[in-house]
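Please have a look at the sequence and the model first.

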Amino acid sequence: MACRDGAIVLSKCLHDSKSLTRLDLSENCLGDEGCAAVATLLHAKSSLVHLVLDTNKISVAGVSALAAVLPSALALRSLGLAHNQLCHAGVRPIAFVSFGPLEVLDLRGNIMDERAARVLADGVVHSEAIAKIDVRENINSREAMSILGRAIRDRTRRFKAKERKEKLAARKAKKPHTAGETLPAMNYYWVEPHELRPLPGTSAVAVAVSKACTIS
């Protein structure tokens with residue numbers, strides 16, 4: 001109760017801050033209500049770039065509150081939700097909004113399985129910003145690797161098709177083509193260092209070692 005109330009007070013105090021870029025509230029027992037209070041900080045004029053909510057007993061209700069405001073939190077680049085209580089249903093709200101403006105999502109140490117991989121894959125395919133998803137200590141099957149690998153390939157094909165379409169339109173209009181959005185590389189999607197390897201056909205995927213898989 002005290003932690004939740006503290007989060008509410010803190011959120012009210014920081015709501016209009018123009019200089020806060022990083023907020024780490026790890027290990028504060030926020031729960032879903034406290035997480036919802038912190039979510040009020042994520043608005044269009046927010047300066048927050050990095051938000052860490054590791055080890056806070058957050059489940060689907062808390063993530064839903066975050067996901068509801070993610071698309072408008074244009075400054076936010078990384079979100080830490082490691083060691084909470086997230087299963088496939090818990091990550092669905094964020095994947096549904098294609099991770100918003102997020103480039104980094106830390107999901108280590110939750111309770112996700114290959115169903116969560118399918119949910120994340122749906123979000124990856126439609127995201128134009130996400131570059132890193134840390135799922136160590138979670139997904140533990142070859143099927144999960146294949147699911148995320150296919151999602152990465154599908155996204156690559158979609159961006160390439162879009163680029164070709166833009167070039168063709170520019171050629172028809174006899175205008176010089178300017179490069180469109182740059183496809184972010186999916187740096188890693190597996191959990192154990194000894195298992196880190198790209199799938200066949202995913203040579204463009206740069207798989208990071210364990211030490212590189214930390215939220216910046």
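The notes below cover salt bridges, then cysteines.

This is a predicted model, where local features need pLDDT of at least 70, side-chain atom pairs count only at pLDDT 80 or more, and totals for chains, interfaces and linings use all residues. Residues are numbered from 1 along each chain as its sequence is written, and side-chain values use heavy atoms, with hydrogens and water left out.

**Salt bridges**

- The whole structure holds six salt bridges (a side-chain nitrogen of Lys or Arg within 4 Å of a carboxyl oxygen of Asp or Glu).
- Asp54 pairs with Arg108, with the closest N and O atoms 4.0 Å apart.
- This pair links distant parts of the chain, 54 residues apart: Asp54 lies in the loop between β2 (50-52) and α3 (60-69), and Arg108 in the loop between β4 (104-106) and α5 (114-126). Helices (H or I, at least four residues) and strands (E, at least two) are DSSP runs, numbered from the N terminus.
- Asp54 is buried at 12% relative accessibility, and Arg108 is buried at 18%. Buried means under 20% relative accessible area, exposed over 50%, and partly exposed in between (1.4 Å probe, protein chains only).
- Asp113 and Arg115 form a salt bridge at 3.0 Å, N to O; Asp113 is partly exposed at 22%, as is Arg115 at 46%.
- Shared partners join Asp54, Asp106, Arg108, Asp134 and Arg136 into one salt-bridge network.

**Cysteines**

- The model has zero disulfides (pairs of cysteine sulfur atoms within 2.5 Å).
- Cys35 is buried at 0% relative accessible area, while Cys87 is partly exposed at 25%.
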